[in-house]
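I opened my notebook today to look up a few things in a protein model. Here is what I wrote down, entry by entry.

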Amino acid sequence: MKEAAATWILMHDHPFSIVEEEWFNLFCRGGMSQWTSISRATIKKHCFMIYELERKQLSCLLKAAKNISLTTDLWNSKNQKIEYMVVTAHWIDSDWKLHKRVLSFFNIPAPRGGPQISDAILKCARDWECNLLLCIGCVLDPRCKMRVLEFIFPKLYPDGVARDNITNVRNTLSTIFKEYVDATIENLQESNNLESQGSNHIRRRAENSSGSSSGWFEFSSFLRETEMLHPEKSELDIYLEEGCHLYNPEEQFDALSWCKLNTYKFRILSSLARDVLAIPITTVASEATFSAGSRVIDKYRASLAPSTVEMLMCGGDWCRKRYGVKKKIKVRQLSTINS
C-alpha cells in the first residue's frame, strides 16, 4: 500500500506531506482497516524506491532500442533561482511504436556554455549506456571529429577505460560505414547493369557514326569501379585524417549544411551523417517537462534538493507512461498559458 501511495504521489505531483493529512489517512483506513499512518520522510524513501525500480526497467527498454535520439533544453526555476537541464529520449520499438521518456532532470551550474552542456549530455548518456550513437553523432560533426572524445572521455573515465571507449566508438563507426559502403556498391552495380543495357545501344550508334570508339564509356566504367568500389583510402579515413573544421563560436554552424556542401567529396559518409544527425529538433518534450517542473517546484517546495527534484520529475514521467496515465492540464495552468 505504501508503494501504491508513492506511485500516486509521483504520477500526480502531490507533495510528500499529503500522507500526513487527516482526510488522506481516513480515506486509506476506509479502504484498508490495517492502514497505519506514515510520515513524509517515509513516503519520500518509497518514492525513491519506485524511482530506482522504474529506472532499471527503463534501462532494459533502452538497451533493446536500435537508435535513440536525444533532445535537451534548459529551464530556470523561479522559486529556487537555479537552472535545470532536461534530457529526453525518443525511440521507435520493434512494433513501430514511438516512445518518449525523460532521462534526466538535473541542476547545471554556471557557466552554462557549450563545453559544460556537452559534458552534461555525455554524462547522462553514459549513465544510461546509450552514448554510443551520441558519440558517433559528435564524431560526424566536422567541428569535433575524434578530438571531442579525446577531450571529454578522459574527464569521464579512467585512462584505460577512456582509450577503450574511444576505440569502441571508432570501430563501431567503421562497421556502420562499411554497411553503407556495401549498400552503395549493391545499388551502384544494379544501376550499372541498367545503364549498360542502354549505353550499349548508344555506344554502338556512336561507333557506327564515328567509325571508331573514343573509349569514353569503358573509361567511365573504370573510374566508377576504381574510385567508388576500390578506393585507396575510405571516405571515413580521409574525413578523420583531415583537421577539424574551424569556425567562430559566436556564429551559428549547421553540420548538416556542411555535409551537404561536401556531398561530392564524401558521397557515402554524407549519407551516413544525414541519417545519424537526423535528431528531432523540437522543444515540445522539454516544454511539457518544464510545465510539470513549475508544479513540482512551487513556492512551498523551493527547498527541495536537485536530486529529489530529478526523482520526482523522472519518476513521475516513467510511472505515467507505465500505467498509461496522461497528465491533465489544470484550469489555472490553462489560464496562464492562454494569457
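**Entry 1: the strands.** This is a predicted model, and I kept that in mind throughout. I began with β1 and β2, which run antiparallel and are joined by nine bridges.

Next I moved on to β3. β2 and β3 also pair in the antiparallel sense, over nine bridges. Here I noted W91, which stands opposite H99 in β3.

Is β2 enclosed or open? I found that nine of its eleven residues are buried, so β2 is largely enclosed by the rest of the structure. I used the cut-off for buried here, which is under 20% relative accessible area.

**Entry 2: the whole chain.** I stepped back to take in the protein chain, which has 14 helices and three strands. How much of it is buried? Of its 339 residues, 37% are buried. The chain exposes about 20700 Å², and carbon and sulfur atoms supply 55% of that area. I also checked contacts between residues at least 6 apart in sequence, and 65% of them join residues at least 24 apart.

**Entry 3: the cores.** I reminded myself of a general point: in soluble globular proteins, nonpolar side chains tend to be buried together. Which residues have the most contacts inside the largest nonpolar core? They are F16, I43, L103 and F105, in a core of 45 residues. The elements that each supply at least two residues of this core include the strands β1, β2 and β3, along with helices such as α1 (2-12) and α3 (40-64). The helix α13 gives the most to this core, with seven residues. I then found a second, separate core of 33 residues, and C135, L140, A255 and L269 are among them.

- R170 and D237 form a salt bridge, and their closest N and O atoms are 3.1 Å apart. R170 lies in helix α7 and D237 in helix α9, so this pair ties together parts that are 67 residues apart in sequence. I noted R170 as partly exposed, at 22% relative accessibility. D237 is partly exposed too, with a relative accessible area of 28%.
- D182 forms a salt bridge with K178, and the closest N and O atoms are again 3.1 Å apart. Both sit in helix α7, four residues apart, which means that about one helical turn separates them. D182 counts as partly exposed, at 38% relative accessibility.
- E242 and K265 meet through their side chains in a salt bridge, at 2.5 Å from N to O. Where do these two residues lie? E242 is in the loop between α9 and α10, and K265 is in the loop between α10 and α11, so the pair ties together parts that are 23 residues apart in sequence. E242 is partly exposed, with a relative accessible area of 28%, and K265 is partly exposed as well, at 44%.

How values were computed: Residues are numbered from 1 along each chain as its sequence is written. This is a predicted model: local features need pLDDT of at least 70, side-chain atom pairs count only at pLDDT 80 or more; totals for chains, interfaces and linings use all residues. Side-chain values use heavy atoms; hydrogens and water are left out. A nonpolar core is a set of buried Ala, Val, Leu, Ile, Met, Phe, Trp, Tyr and Cys residues joined through side-chain atoms within 4.5 Å. Buried means under 20% relative accessible area, exposed over 50%, partly exposed in between (1.4 Å probe, protein chains only). Two strands pair if DSSP finds at least two bridges between them. Contact means heavy atoms within 4.5 Å. Accessible areas come from the Shrake-Rupley method with a 1.4 Å probe; for residues, only the protein chains shown count as cover. A salt bridge is a side-chain nitrogen of Lys or Arg within 4 Å of a carboxyl oxygen of Asp or Glu.
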